[in-house]
Amino acid sequence: MERPEVVKNEQEWREQLTPAEYAVLREAGTEPAWRGEYTDTKTQGVYECRACGAELFRSETKFESHCGWPSFFSPLAGDRVILREDRSLGMVRVEVLCSRCHSHLGHVFEGEGFPTPTDQRYCINSISLRLVPDES
């Protein structure tokens, strides 16, 4: 994996992020289901990486998956995220990272049968994102 564009040491990340943000974004944690601020949000706008501000997802790709976390069927562009095999917790999953700062966002799942154009579910922690509403 290439070096991230945004590079900070552990102390700098800890000063910028809350302990809960740090645990998810920098230590690949997961926020509890149904607790994130964007789980049921319908506001139109762009979802940015909370760590570095990179634009990651648009509200038009967000859908109801009833999984407890915000779900998107596609990132803004393929180069906005890095997909990496994750063998933690005794299973094989695909981790989603911000391509700009390599912060953990969540996981992507395929073939679950959701009626979306991609048949993918980017299951993303709310705490990894910041919604910038459209100005309209």
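Predicted model: local features only at pLDDT ≥ 70, side-chain atom pairs only at ≥ 80, totals over all residues.

Residues are numbered from 1 along each chain as its sequence is written, and side-chain values use heavy atoms, leaving out hydrogens and water.

Start by selecting residues 10-134, which the unreviewed UniProt entry annotates as "domain: MsrB"; such annotations may be inferred rather than shown by experiment.

Next, pick Glu-31, in the loop between helix 2 (19-25) and strand 1 (45-49). Helices (H or I, at least four residues) and strands (E, at least two) are DSSP runs, numbered from the N terminus. Glu-31 is buried (under 20% relative accessible area; exposed is over 50%, partly exposed in between, with a 1.4 Å probe and protein chains only). What does its side chain reach? Show the backbone nitrogen of Ser-126, 2.4 Å away.

Glu-31 has no salt bridge (a side-chain nitrogen of Lys or Arg within 4 Å of a carboxyl oxygen of Asp or Glu). Arg-50, the nearest side chain of opposite charge, is 7.2 Å away.

Now select Arg-50 itself: its salt bridge is with Glu-37, at 2.7 Å between the closest N and O atoms. The pair ties together parts 13 residues apart in sequence. Arg-50 is buried at 13% relative accessible area.

Finally, select Arg-58 and Asp-134, whose side chains meet in a salt bridge at 3.1 Å, N to O. This pair links strand 2 with the segment after strand 9 (129-133), 76 residues apart.

Definitions and conventions: Lys, Arg positive; Asp, Glu negative; His and termini not counted. Polar contact = N/O pair within 3.5 Å; in protein donor to acceptor, adjacent residues only side chain to side chain.
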